[in-house]
Amino acid sequence: MGRNLFENLLLYYFELVEVKEEKLIELIDKVPEVMKTAFISTADRIRQRGMKEGTQQTKKQAVQNMLREGLEVAFICKILEVSPEFVEQVRKEMEV
């Protein structure tokens, strides 16, 4: 319960406040040794989530550009390694 609460609080903090990497390292140094593992694993999860969201946004922009150029859905899926449903979702968002 305590560890789970700690991780949730960290997630909440990092989502509210943009923390630069230098500040994160400084914070990690101040965390007691027994909590460091949880702190670092939570920070890693947040970083991975951000990378995944960034990748999705980049793919979304690429799909938009390819659709504007008139490329076929099958070709877009093959090149960007996305599903036809993802391409159609992006197409619908472009129409709005």
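Visitor: Which residues make up the largest nonpolar core?
Guide: This is a predicted model, where local features need pLDDT of at least 70, side-chain atom pairs count only at pLDDT 80 or more, and totals for chains, interfaces and linings use all residues. Residues are numbered from 1 along each chain as its sequence is written, and side-chain values use heavy atoms, without hydrogens and water. The core has 11 residues: V63, M66, L67, V73, I76, C77, L80, V82, F86, V87 and V90. Two or more residues come from each of α3, α4 and α5 (84–95). The largest share, four residues, is from α4.

Visitor: What makes a set of residues a nonpolar core?
Guide: Its members are buried Ala, Val, Leu, Ile, Met, Phe, Trp, Tyr and Cys residues, joined through side-chain atoms within 4.5 Å.

Visitor: Why is Q64 called buried?
Guide: Buried means under 20% relative accessible area, exposed over 50%, and partly exposed in between, with a 1.4 Å probe and protein chains only. Q64 has 18%, so Q64 is buried.

Visitor: Where is Q64 found, and in which helix?
Guide: Q64 sits in helix α3, residues 33–68. Helices are DSSP runs (H or I, at least four residues), numbered from the N terminus.

Visitor: Which residues does Q64 contact, leaving aside neighbours within four places in sequence?
Guide: V90 and M94. Contact means heavy atoms within 4.5 Å.
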